[in-house]
Structure formats: structure tokens, C-alpha cells
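Subject: Structure for you to look at

Hello,

I am passing on the structure we talked about, with notes on what turned up in it. Please open it beside this email and follow along.

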Amino acid sequence: MAYYVPSTEAEQKEMLARVGVSSFDDLFAAIPDSLRIKGLDMPEGLSEFEVRGKIEGIARKNVAFKSIFRGAGAYNHYIPALVKQIVSKEEFVTAYTPYQAEISQGVLQSIFEFQTMMCELTGLDVSNASVYDGAAAAAESVGMCRDRKRSVVFVSESVNPAVLDTIKTYCYAANAEVSVVPLKNGVTDADAAASVMDESAACLYVQQPNFYGLIEDAGKLGEIAHSCGARFVMGVNPVASAILKTPAECGADIACGDAQPFGMPMAFGGPYLGFMTASGEMARKLPGRIVGQTKDIDGKRAFVLTLQAREQHIRREKASSNICSNQALCALTASVYLTVLGPDGLRGAAERCASKARYAARRISAIKGFELLYPGEFFHEFVTACPCDASVVEKRLAGRDILGGLPVSGGILWCVTEMNTKEQIDELAGILEEVSR
Amino acid sequence: MKLSFEKSRDGRSFPILPPLDVPREDLPEGLLRKSPPRLPQMAQPDISRHYTELAKRTHGVNDGFYPLGSCTMKYNPKLNDEMAALPGFTGIHPLQPPETAQGCLEVLFAAERLLCLITGMDAMTFQPAAGAHGEFTGVLLIKAWHDARGDKKRAKIIVPDSAHGTNPATASMTGYQVVNVPSDSEGGVDMAALREAVGDDTAGLMLTNPNTLGIFDKNILEITRVVHEAGGLNYYDGANLNAVMGIARPGDMGFDVVHLNLHKTFSTPHGGGGPGSGAVGCKARLEPFLPKPRVVRCKDGFAFSDPERSVGSVKAFYGNFLVTLRALVYMLTLGADGLRDAAQNAVLNANYMMKGLSDVYDVAYPGICMHEFVLTLEKLKKERGVSAMDVAKSMLDYGMHPPTMYFPLIVKEALMIEPTETESRETLDQAIAVLREIRARADSDPGSLHDAPLNTPVRRLDEVGAARHPVLKYNFDGVSD
């Protein structure tokens with residue numbers, strides 16, 4: 001079925017004749033006969049009506065939970081109507097990388113606005129146009145810090161396991177060593193960091209808030225990194241960034257993270273949005289696309305992809321990263337989200353997360369067997385003990401249309417956002433009380 | 001036009017969230033930032049207009065012809081997008097118990113099965129988020145394979161000089177030295193140079209086939225054999241799979257690992273630069289090294305499983321799931337015949353356009369091309385002072401996106417044209433007419449081409465100035481213009 005091909009069979013014949021061949025086969029004469037396949041052993045095409053039915057059927061095999069208390073790197077936040085409408089505009093959806101700046105000012109300006117917002121959130125000087133996701137951003141960030149003399153990447157054990165795993169993969173590729181700094185009370189052990197880091201250290205990477213939701217003493221960890229001449233890299237939750245000390249205030253050289261909470265659905269893990277910002281001094285080491293402001297020949301302000309001398313299409317094997325695209329539509333999503341919320345709205349969302357998480361933590365930890373595991377301050381995630389196998393709790397909650405916290409070693413990692421009403425939290429606590437009895 | 005920050009007015013805000021329904025509890029003062037981020041403060045109607053204005057200053061496939069070579073800017077079916085917006089997919093947490101996400105696992109499993117059929121591979125991962133990310137993952141599989149065999153002398157990756165810049169950059173990023181091999185007079189890999197380049201230090205070869213000149217390398221079986229005999233593996237850059245999908249398979253050509261650009265070949269939208277998907281397929285011997293986790297069939301449905309010697313993760317979770325889903329919708333819609341039909345018409349459209357231009361422009365490698373072809377404007381520049389840039393910028397005034405410019409690097413003043421199968425004959429005829437008119441103007445009024453574009457929101461930009469004095473964010477304190 002010639003589904004999206006406009007040419008009719010008659011037109012195709014005429015066009016083949018114009019080209020000077022008699023059949024499609026002639027067009028593929030360069031392909032050796034032995035390589036030409038007879039056909040693919042897959043089903044025939046279906047009508048739009050049939051495909052829709054089939055895919056909707058597959059979607060129904062998923063459980064979209066009524067209330068969600070799980071985060072751990074993917075967060076359930078409210079997505080305003082304006083965000084969904086704007087990012088569905090076909091101009092944005094169907095464009096590609098803005099190579100031709102004259103007809104791409106819309107995408108370019110939106111990225112310039114995105115870069116500005118990321119700098120505002122993190123307090124740092126320069127942002128790139130985004131990368132694949134938070135884990136890839138972390139891996140690229142630590143890559144910016146390595147050189148021949150300083151090759152060991154120190155990563156706190158308190159980072160999201162997927163982020164640590166991704167950093168390890170990138171370091172394996174680059175033949176670089178990763179050293180994990182242990183925990184104490186759920187946060188990075190600063191004394192351990194100070195004792196293991198030396199002049200081989202490229203950087204120290206910590207996550208704020210960390211995987212267990214706890215707020216790290218980032219300022220102190222930054223000093224430790226800097227005192228041995230290493231860079232300090234912070235992976236941050238962007239919602240928490242609305243209220244927490246900025247990476248710049250904590251002395252970070254690079255900040256990165258995943259901006260999925262800014263208007264992107266959880267969508268089984270992607271697409272999400274990696275962001276990276278850095279101090280001015282490190283700007284030329286930033287990988288990926290960067291948009292800059294300039295003028296056209298009439299003197300009109302305009303935006304363009306810039307600092308391309310860093311990139312693969314110019315430097316080929318000498319480029320520091322092979323990245324050649326960004327998550328432009330996701331960056332646009334985040335920009336629209338932040339514009340819709342504004343500074344007050346974003347702070348409001350962050351404060352709702354913090355207050356509701358505290359309320360939930362108090363309710364849950366009051367139940368026998370569900371005590372808080374760590375004493376520190378947290379943002380919107382926290383770990384409690386679990387009096388039984390955590391999967392039992394998970395199943396029990398699932399039966400009531402609730403996605404409970406993530407089973408982790410020692411207990412359950414809960415996440416509470418502005419999406420969780422007091423009623424939902426009370427219901428959750430009620431079910432946990434039943435489990436506890 | 002103004003930036004959102006310039007439209008901002010203090011105090012403009014509107015409620016999105018309901019009032020707090022639990023006691024307010026703030027974090028200790030000492031943990032908080034000194035001042036709030038300076039985000040725009042705008043009213044809803046003005047936000048809506050701001051982005052509509054930006055959309056109008058953006059050219060997508062939906063706005064007009066977009067023959068950007070090697071990017072496969074085909075029509076993005078709207079059904080794909082509707083399916084990707086179903087709450088049964090968007091509302092699923094990636095760490096849900098697999099038994100509550102069977103639909104998502106089925107999507108990944110089904111897409112893997114179909115794409116393995118199309119490429120002739122045995123297994124596939126969807127974790128990589130883009131083509132370059134897929135290259136990184138694929139070359140890592142090669143590295144892990146040699147490492148697992150204890151073969152430590154494999155330090156080099158061979159890359160033809162017609163390759164995308166991402167190929168050599170990927171090889172470097174994975175710790176390899178790059179050996180460039182030249183192209184022969186027909187645009188294929190120079191066999192003598194390849195034989196010279198391989199040895200017991202060869203880790204692998206990265207090849208795009210058809211290549212960036214739009215040529216299917218007729219020596220492909222010999223090329224992959226030479227590399228295999230030297231103990232290396234063959235990597236297929238799938239950027240140009242659209243030419244051969246349903247017709248020939250990389251797996252049969254001797255390739256061990258392949259990446260696909262689902263946002264090119266499989267019709268998912270490019271989104272202004274992303275999100276895409278760089279799915280990576282491999283032969284059975286590389287399967288144990290794939291990123292974790294993978295989806296497997298189990299007795300009650302589908303489950304996750306970690307490959308025994310996985311290279312780890314290249315990003316969190318399972319890749320850009322909604323992109324994979326769109327690609328699956330596309331494959332189900334087209335079916336086997338539809339996929340072949342798409343490839344055939346992609347190649348036909350490219351040849352039709354080349355034919356319509358070849359008497360007035362120089363084709364870099366004349367003959368039958370695959371899905372794209374390259375013009376060289378070297379002579380035109382010498383004789384009339386009109387460059388590939390001038391022709392490209394002139395096209396903008398006709399409402400068309402220009403071809404890829406100055407690539408591949410081995411062709412001087414290159415314009416690389418890939419019309420794709422979803423363009424009608426009328427569109428191709430119109431594009432041919434425009435390019436012929438521009439060519440005529442190069443004779444009659446070359447100056448007018450240097451001035452182009454005239455009718456775009458902005459005209460040619462000072463790119464040197466942008467790089468020399470980088471302004472990479474809005475200056476809140478400065479004077480704006």
C-alpha cells in the first residue's frame with residue numbers, strides 16, 4: 001500500500017521513463033543480485049483505522065495509575081494545557097536542526113530563551129541547547145573535566161543508579177576510571193571524599209537532591225573538590241532548583257540534570273531532556289549545539305548556531321563529543337512550561353512538592369515499620385523502612401490503583417509532587433496502616 | 001521580534017495549581033537560593049501569541065519542500081503523533097512493575113522484531129536517543145567484543161572520507177584511533193587503500209551504504225570480507241537506510257552492528273533537532289553486550305532482562321519510548337510492501353530530480369543515484385562567482401529549505417539533495433524549476449544571488465561575529481535592540 005507516497009502508478013511509470021530506466025529494479029542495479037531480498041516476512045500494511053485499534057489495544061494493557069508516589073528519575077507533574085498545544089505546532093514538530101538560520105529563527109530564539117532560563121535556574125554562565133537526557137548530560141559533564149593528568153572521575157554513591165551506570169559506560173569508552181565515594185547517613189561522606197580525592201581527580205559529581213531525596217551539603221563537597229584542584233559537577237533536579245541554593249552558589253563548575261519535570265510526561269522513560277550549564281571559563285568545552293545572538297546584514301538582531309568549531313562536523317575525530325543534535329522540541333517544552341508558570345508559579349510548584357512530601361513523610365513514618373531511614377532534610381523524595389517485603393506493599397497498593405514508592409535497599413523510596421492531593425496521601429497512609437497491622 | 005524576557009512585566013501571573021491542601025512547611029532558610037530565577041512573567045494570551053510568532057519563523061516539513069541531504073525529511077504521519085499522545089502510554093512510569101506496563105514492553109518487543117527483520121540483525125536496543133548516540137553504542141559493542149576476547153591490540157577504526165563527521169568523532173569518543181580511507185573515482189571505498197589500512201590492529205569499519213554521495217558501494221561484500229578477515233567488525237551507519245529498506249539488508253551485506261535513525265527512515269518527527277532515536281541492532285555474537293535492560297518474552301507476556309556482559313547504559317531507562325512507538329505505528333501502517341514502496345519512490349524521486357537538473361548543474365557522480373545525489377558548484381563559482389551558499393540562500397526566497405551544503409567534504413561546493421518519497425511530482429517539478437531559474441540568474445544577474453535571501457524574517461547573518469563575541473543568553477541588565 002503506497003501509504004504516504006503521492007505519486008500514482010501511472011506517474012511512477014512516466015518518471016521512470018524520464019529517468020531513462022524501465023523499472024524500479026533498474027534503479028537498484030548497483031546492488032548485487034545476491035543481496036536483493038524477495039520480500040520481508042512481515043504483515044501487510046493496515047489502514048489507519050486498523051492501526052489505531054491495534055495500538056489503542058496495546059495501550060490498554062498498561063496500567064495508568066490514579067495516584068503515583070514514585071519518582072527516582074521520572075516525575076509526575078502537572079502539564080498545563082498551553083504547553084501541550086504549543087509544542088504540538090507542526091512548524092516546531094516537523095523542522096530539523098536550524099542549519100538555515102534565516103528560516104529557523106523560531107527554533108533558534110526558543111533555544112536562546114531556553115539557554116537563558118537554564119542559566120537563571122543554575123546561576124551559571126553558559127548553557128548548551130540540551131542533550132539526550134539527564135544521565136547522558138551527567139556523563140558528558142564529567143567528560144568535560146577529564147584530561148591526561150586528571151583522569152579519575154569521582155562520583156558519589158548517592159546519585160541515581162542509572163546516572164552512575166551511564167557515567168561508567170562513557171568512562172569505559174574513554175578508558176577513564178570511575179571511583180565511587182561512599183555514603184554516610186544517606187548522603188555523600190565528605191570525609192571519605194576528602195581522603196580519596198587527589199591530584200588524579202578530574203571532578204567530583206554529586207546529585208542534588210540525591211537519589212534518596214536528601215539535600216547534600218554541596219557547598220562543602222565543592223570545597224573538597226576544588227581543594228585538590230578538581231572540578232565540581234552537580235546534577236540537579238530542576239524543580240528543586242527553583243528554591244534550593246543554586247549550583248553557582250554551591251561553587252559548581254558545571255550543573256546538569258533532566259528537565260523532564262518541566263512539561264514532559266513520564267512516557268515510560270522518554271523522550272526527556274538533558275540540560276548542561278557551565279561557568280564561562282568552561283564554555284568552549286561544552287558539547288552539543290549552542291545558540292548565540294548576532295545580527296543580519298541589515299543590522300537586525302538574529303540567532304544562530306555558534307561556537308561550532310568544537311563540533312564533530314568541523315573537527316571530526318578531534319571533536320570532544322560526537323553529539324550533533326539536541327532535544328529541541330523538549331527544550332521548547334521546558335521553555336514554554338517555565339514561561340507559563342513564571343517565577344511565582346515555579347516556586348509554588350516546588351513549595352507544594354516540599355510541603356506535601358513533608359506531610360506524607362510524617363503520615364507514613366508514624367506507621368509502625370515505616371520509619372524514615374535517614375535524618376537529613378529532603379525535597380520531595382524520602383526513604384522509609386518497610387516492615388515486609390517491599391513488593392508486597394507494591395502489590396497491595398497497585399490493587400488500589402496506586403503506584404507506590406520504589407523498592408530500594410533498606411526500604412521504599414517515596415516521591416510526592418503537587419499532583420498528590422491530601423486525600424491521596426491519606427488513602428496511602430491508610431493502606432500502609434493495614435499492611436503494618 | 002522580542003524575547004519572552006523583554007515582554008515580561010512584574011507581577012503578571014495566573015494560577016495553574018490549586019491552593020495547598022496540607023500545612024505549609026518550608027525548607028530551612030540556609031538551604032535556599034538568594035534570589036528567584038528571572039523567568040518571564042507573561043499573561044496566557046501573550047504567551048500563546050509569542051510562540052505562534054516563533055512558529056511562523058520556523059520552516060518544517062509541513063511548511064514546504066525540505067530536501068536536506070542525509071536527513072530524510074519525509075512527511076511525519078499524524079497518526080503516529082496521536083498514538084504517542086495516548087494516556088495509556090504517556091502516563092506510564094518507567095519504573096512501574098513490568099506486569100503493569102505490558103503494553104509498553106510489547107511495543108518495544110514488536111518494534112525490535114520488525115526492525116531486526118528489516119535490517120537482517122538478531123537483536124536490537126532502543127536506548128540510544130539519536131543517531132550519534134547509536135553510533136557510540138554500536139562502536140562500544142565492537143570494543144566490548146574485542147575486550148571480552150582479550151584482543152587488546154585492536155586500536156583503530158577505519159572510516160571512509162565521505163563519512164558523516166559523527167563517525168570519526170564516535171571512534172575517538174570510544175578510545176579509538178581513526179584511519180581515514182579515500183574514495184575511489186566512482187565514489188565508493190578505494191579497495192586498495194582499504195586493504196592497505198586493515199591489519200591486526202583493526203577494530204572495525206564504519207560505513208554508510210548507500211554513502212553520503214548517494215552511491216551504493218558495489219564492492220560492499222568485498223569490503224566487509226576484507227575487514228572480517230583482518231579480525232575487525234563492520235558497523236553500518238543507517239542514516240541512509242531509506243534507500244534500501246525492504247530491498248536489501250545490512251545484515252546480509254556483512255555488517256555486524258547497525259544503527260537506525262527512526263526519525264529519518266521511520267518517519268518520526270525531527271522536532272527541530274530532536275528527540276530522535278538511534279536504535280542499534282546487532283548480530284547474535286554481539287547480543288550479550290547490548291545496553292541493559294532488554295525486553296524478552298516470558299510465559300505470561302514480556303519481561304526485562306539484563307544481557308550477561310552488557311556495556312551498561314548509555315542513558316536512563318529504555319530510550320525515547322514515544323519515538324519507538326511512532327516508528328512501530330509507521331511500520332504497521334506500511335507493512336512489507338509499503339516499506340519497499342517507500343524506498344523505491346525515494347530513489348525514483350532523487351533520480352527524477354537529478355535528471356531535471358543535470359543539464360544545467362554538475363552532478364558530482366553522474367549515473368543512477370540512490371535516495372540522494374550531490375551537485376558540485378565548483379565550476380559555477382569559478383566562472384560566475386556564485387557559490388553553493390548563494391544558491392542555497394536563494395532557494396529560501398522561493399519558500400524551500402535548501403539541501404545540505406558543503407557536505408560531503410570530498411565534493412567542492414557541494415549541495416546534497418534528498419527529496420524523499422513523500423514529495424509529489426509537482427513539488428519535484430517546482431523545485432527543479434526553481435533551481436533552474438536560480439542557475440539562469442547566475443548568468444544574468446549573479447549579484448542578486450549574493451544578496452539572497454530578501455524575503456525571510458532575517459537575512460544573512462554575521463556568523464563570525466557570533467562566534468568571536470559569543471552572546472549565549474539574554475542580558476537582563478544590558479540595553480537590547
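Chain A is assigned three domains: domain 1 covers 9-59, domain 2 is made up of 67-77 + 344-436, and domain 3 covers 81-335. Domain 2 of chain A is therefore written as two stretches of the chain, 67-77 and 344-436. Between the centres of domain 1 of chain A and domain 2 of chain A, taken over C-alpha atoms, there are 52 Å. Bear in mind throughout that this is a predicted model.

For chain B, the assignment gives domain 1 (79-334) and domain 2 (344-455). Their C-alpha centres are 31 Å apart. Where these two domains of chain B meet, 14 residues of domain 1 are in contact with 15 residues of domain 2. The domain 1 side of that contact consists of five nonpolar, seven polar and two charged residues.

Next, the two chains together. How many residues of chain B are in contact with chain A? The count is 161 residues of chain B, against 169 residues of chain A. On the chain B side, helix α11 (residues 321-357) supplies the largest share, with 21 residues. Sorted by class, that side of chain B holds 88 nonpolar, 47 polar and 26 charged residues.

One pair of helices across the two chains is worth a look. Two packed helices are described by the angle between their axes and the distance between the axes. Here the pair is helix α1 (residues 9-19) of chain A and α11(B), whose axes come within 9 Å and cross at roughly 50 degrees. Because of that angle, α1(A) is oblique to α11(B). The crossing of α1(A) and α11(B) is left-handed.

Which residues meet there? From α1(A) they are A:Gln12, A:Met15, A:Leu16, A:Arg18 and A:Val19. From α11(B) they are B:Asn345, B:Leu348, B:Asn351, B:Tyr352 and B:Lys355. By class, the residues of this contact are five nonpolar, three polar and two charged.

In chain A, a cis peptide bond joins A:Gly270 and A:Pro271, with omega at about 5 degrees. A:Pro271 sits in the loop between β9 (254-258) and β10 (274-278) of chain A. In chain B, a cis peptide bond joins B:Ala452 and B:Pro453, with omega at about 0 degrees. B:Pro453 belongs to the loop between α15 (446-451) and α16 (463-468) of chain B.

Then there are positive phi values. B:Ser267 is a residue other than glycine, and its phi is positive, near 70 degrees. B:Ser267 lies in the loop between β6 (257-259) and β7 (280-282) of chain B. Is B:Ser267 buried or exposed? B:Ser267 counts as buried because it has 26 C-beta neighbours inside 10 Å, and the cut-off for buried is 20 or more.

B:Phe317, also a residue other than glycine, has a positive phi near 60 degrees. The loop that holds B:Phe317 runs between β9 (301-305) and α11 of chain B. B:Phe317 has 24 C-beta neighbours inside 10 Å, so B:Phe317 counts as buried.

That is the list.

Regards

Key:
Residues are numbered from 1 along each chain as its sequence is written. Chains are lettered from A and ligands numbered from 1 in the order in which they are written. This is a predicted model: local features need pLDDT of at least 70, side-chain atom pairs count only at pLDDT 80 or more; totals for chains, interfaces and linings use all residues. Two residues are in contact if their C-beta atoms, placed from the backbone, lie within 7 Å. Helices (H or I, at least four residues) and strands (E, at least two) are DSSP runs, numbered from the N terminus. Ala, Val, Leu, Ile, Met, Phe, Trp, Tyr, Cys and Pro count as nonpolar, Asp, Glu, Lys and Arg as charged, and the others, Gly among them, as polar. Axes are lines fitted to C-alpha atoms, for helices over the stretch in contact, and angles run from 0 to 180 degrees between N-to-C directions. Angles under 35 degrees count as roughly parallel, over 145 as roughly antiparallel, 65 to 115 as roughly perpendicular and the rest as oblique. A crossing is left-handed if the near helix is turned anticlockwise from the far one by less than a right angle, and right-handed if clockwise. A residue is buried if 20 or more other C-beta atoms lie within 10 Å of its own, exposed if 12 or fewer, and partly exposed in between; C-beta atoms are placed from the backbone.
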